[in-house]
Structure formats: C-alpha cells, structure tokens
There are 2 protein chains.
Amino acid sequence: MAETILVLEDDPAMQSFLTTLLKSKQYNTHSFAHGISALQHLTEQAVDLILLDLGLADMDGQHWLQQLRGWCDTPVIVISARQTEQDKVQALDHGANDYVTKPFSAAELLARIRANLRQTNVQQQVFCFGTVRLDPVQRKVSRDGADVHLTKTEYDILLLLLRHADKVLTHNQILSQVWGDAYTGRPEYVRVHMAQLRQKLEDTPAAPVYLKTEPGVGYRLKLQP
Amino acid sequence: MAETILVLEDDPAMQSFLTTLLKSKQYNTHSFAHGISALQHLTEQAVDLILLDLGLADMDGQHWLQQLRGWCDTPVIVISARQTEQDKVQALDHGANDYVTKPFSAAELLARIRANLRQTNVQQQVFCFGTVRLDPVQRKVSRDGADVHLTKTEYDILLLLLRHADKVLTHNQILSQVWGDAYTGRPEYVRVHMAQLRQKLEDTPAAPVYLKTEPGVGYRLKLQP
DNA sequence: CCTAATCTTTAGAAAAACTTTACGCCAGTT
DNA sequence: AACTGGCGTAAAGTTTTTCTAAAGATTAGG
C-alpha cells in the first residue's frame, strides 16, 4: 500500500519536480501552494508525511509548522533555501522532523523520506486484535488460529484500520487510501465491505466488538474489546 | 527527567566535545570508542538516542548500524565527515534517523537531537479539564478514565470549545463552525446539544462547573472550575 | 418585583446514517 | 461456453442521531 505525501510548495517548478519525483517512486502525492488549503486538507484526511517549503508566499512556513503541531504529529521534512543555523534550529524546534537545504540531491531527499516514514510504521511484524492475526509479510489473516480468506479490498481496509488502530478513519480516508482519490463521496462502498469483514472476523457480526462504527464519521478498529 | 544519549565516536577530541556539549544541556551521556562495547552496553541498558560517527576504527559504522537495527529502534543520528550522497542514502536506508555532516554547528546538532527525542516521547496533544480528556488524534473522550461516547455534533462542539478554552463563543460562532454558515440564527440547536454534553461530562449537569452559559451571548468552557 | 427574553430539560418525531441481503456484471478460470 | 469469486448497486429494515416543541427555570431590565 502506497504512502501518501503532502507537498506544500508555492514555486510551481519545484512543486512539479517534487511530485514527479515522488510519483516515480510510487508515493501518492497531494500538492498545495497555500498554507491554508493544506491545513484544511489535513483536517479532513491524514497523510503519512509532509514536505514543507519554508518560503511560502501567503504565510510564514515556521508559523504554519507551529500551528500544525498544535494538533498533528505527522512527520514533516522542511525544505528551504535558507541555510543559516538559526533557521534550522527554529524549524526543528517548531516540530520539524528533518531539514534539507536547497540545492539538495533527489536521492538524499528520498532517503530522508524513507527514514522518516520508517519510524512511523511501527516495525511490527504481525498485527493482532482478539484472536485475529494479520501478517503483512505473508499477506495472511487468521482467526482462532485458522486461516481466513479475505479479498484484496477487505485486506486493504483491515490493514489500513490496523495501521491506525484505535483511531477513527473517515469514509473518505478509507476510500482514498483503498480505492483512490476519485472514489471519495461513496461511503456505501466502505459499508458493504465492512459488513463482510465483520462476518468473517467478529464473533457476533451484528454486535461488533472490534470493528466499530462511528456514526456520521467513519469506522474505528479497537484493539481491546 | 534527563534523557540519556549514547555517543559512539573514536576520535577523542570529538568525543570530548560532544559529551561536554551534551552535558551542558543536562543530558546524560555514555561514550564509547568501539562499536562492540557500545553494542554490549545497549543490550544491558536502553538509551534515548544514539550519536554515531561513521568513521569508526574497529568496524564500519554502516555495518554497526545495520546490526543494531536488527533488534533496536532507538533513534540514531549519524555524524560523518563524508558528504557524498551515497553515504547519506546508505546510512538513512540502514536505519539512521538523521545525518549530519562535519563540520556542523553545535546549535543545529542540538536542535536535531531535540527533534529526534521529541518523536520518541509520543507527546500527542490531549485536551483536559477536570477529569475529562479529549484526544483529537484518536477522536476519543474519557471521563474519570472511562470512555464516554459523544455523537459527531457533540464532539465537534466540545473540540471547538476546547480550542478556544476560557473564551466566550457566540451561538453563531458555534453554529457556523459546527453546522455551517447557513445555520446561524438557530441558537436552540446549540442549546440542546450543550445540555447533552453537560449530561455526559458534568458531575451536576444542572449546575455546570466547566460548560458555562453566558446569557445572551453564548457558551464558555472553563478549564478551571 | 414584574415582565420579557433567554435558557434548560425532556420526550417524541423526523431525518440521517447504517446493516444486511440479494442481484447482476465483469474478469479471470475451467 | 460455463463457472467462479469479487465488486458495485439497490432496496428493505434497523439503529442512531438530530431536530422540534413544549413546559418550567433563570436572567436582565425596567
């Protein structure tokens, strides 16, 4: 499953360079030129990593970062032409996870992206809840020790929920991660497949203990009943 | 509570510089010149962060890192005189969290240390008042340690009040933020849901201590009773 | 102290959201 | 060409949430 990276960069040439680079490595990208619209997007949909150019036109990048950190822990890599020590220290203390100065090499940026994504994905081999186990390496799911066959869609949804265990995922987050951005606004797709997952994984599908509905919002996978 | 930093560096002058710098910032330090002894130490005692000089005499730093990552997730900041892109990419892909090239500024190194320590301490923002806690990441609310179920509207109102704690929010501000601009002028919507919130969160809903009414204006959430 | 406006609380109606099942289509397989 | 499994669609039935309305309490102002 591809990770999603948000790019906040107001220079069109640079934005295009970054998105092309990221897409060539199979990342999903969401690009924004304005701080406001990026923040708005993040409130609606979580991403796995953020690339932030400090030199934004509409607001100060440092200030943007500070604001974001009030409520969001997503890793942020700052990209900036400014090389002074003070800029770096300030950005890192405002919550940046890494700082890259222009000009930078594409390979180094990609490596730093990988390093920052890695620490998010808790290097857990097997995900568990109740008697259910999901092994992402073997792409296998079992319940009470017996293998359970999941379709690709079901598996993708379950893995997404497990990667964000105990958090609520909105219908649109699930749709865009599993089906693709073009499918947002079709919550019924998710519902049908959630019903299937409950049939296969819950003791009492009609009264689910782990795969919980959050009416009006989305779904949450609870690790504890 | 001071964090402990392990320094693996075989140049005595550099090691001394680093430990002095770290101690001046109240970090505990454990210094090693040999990869083997550092590994040995780590098996016995966990540290919060590792500073690794790639130019070790007794073994290759890249290889040391690779070995460590087999069983240990502690953040590693690599320090190296080698500036080539290939070295950086390799170290980051072997599990380094950050890469600093010599010569570096002390302030920048300290800032990067802070940034890397920060992401370990899962310092997720949580809003609190009385015994009530709201975790915006998990979208969960608890009271006296027990989960409290809030509907979407109730949750949205509470989060809005918490984001503007101790300030008065007018009915119309709440309506436009939670329902949308088209709903201003219907204060009764807010009232019914505020009553619900009090039922769920206040000890004596009829005499609220936190969710206060400002007659004629709106509501205010007081952080202190 | 009286009045009008504002507010709390409850209950039930209405709306929205959700679950579940069934069916037809499509792609890949036999 | 028929079979199969997986998916999207639709519809019926259920649950949850929200809105409405009304009765009683509180507040602000004269």
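Student: By class, how many nonpolar, polar and charged residues does the surface near DNA strand D have in this predicted model?

Tutor: A residue is near a strand if its C-beta atom, placed from the backbone, lies within 6 Å of it. Ala, Val, Leu, Ile, Met, Phe, Trp, Tyr, Cys and Pro count as nonpolar, Asp, Glu, Lys and Arg as charged, and the others, Gly among them, as polar. DNA strand D is surrounded by 21 residues, of which A:T151, A:T153, A:P215, B:T151 and B:T153 are the closest. By class, the surface has 8 nonpolar, 6 polar and 7 charged residues.

Student: What conventions apply to the numbering and to the model?

Tutor: Residues are numbered from 1 along each chain as its sequence is written, while chains are lettered from A and ligands numbered from 1 in the order in which they are written. The model is predicted, so that local features need pLDDT of at least 70 and side-chain atom pairs count only at pLDDT 80 or more, whereas totals for chains, interfaces and linings use all residues.

Student: Which elements give two or more residues to the surface near DNA strand C?

Tutor: Helices (H or I, at least four residues) and strands (E, at least two) are DSSP runs, numbered from the N terminus. Around DNA strand C there are 22 residues, and A:A195, A:A206, A:T213, B:A206 and B:T213 come nearest. The elements with two or more residues there are helix 8 (187-201) of chain A and helix 8 (187-201) of chain B.

Student: Which element of chain B gives the most residues to the side that touches chain A?

Tutor: Contact requires C-beta atoms, placed from the backbone, within 7 Å; 24 residues of chain B are in contact with 26 residues of chain A. Two or more residues come from each of helix 4 (85-93) and helix 5 (106-120) of chain B. The most, 7 residues, come from helix 5 of chain B.

Student: Which residue stands opposite A:I5?

Tutor: Strand 1 (residues 4-8) and strand 3 (residues 49-53) of chain A pair in the parallel sense over 4 bridges. In strand 3 of chain A, the residue opposite A:I5 is A:L49.

Student: Within what arc do the buried residues of helix 3 of chain A fall?

Tutor: A residue is buried if 20 or more other C-beta atoms lie within 10 Å of its own, exposed if 12 or fewer, and partly exposed in between, with C-beta atoms placed from the backbone. In helix 3 (residues 61-68) of chain A the buried residues are A:G61, A:Q62, A:W64, A:L65 and A:L68. The arc is that of the directions from the helix axis to the C-beta atoms. Seen down the axis, the buried residues of helix 3 of chain A line one face of the helix, because they fall within an arc of 160°.

Student: Is A:R69 buried, exposed or partly exposed?

Tutor: A:R69 is found in the loop between helix 3 and strand 4 (76-80) of chain A. Leaving aside neighbours within four places in sequence, A:R69 is in contact with A:H94 and A:G95. With 17 C-beta neighbours inside 10 Å, A:R69 counts as partly exposed.

Key. Contact = placed C-beta atoms within 7 Å. Pairing = 2+ DSSP bridges.
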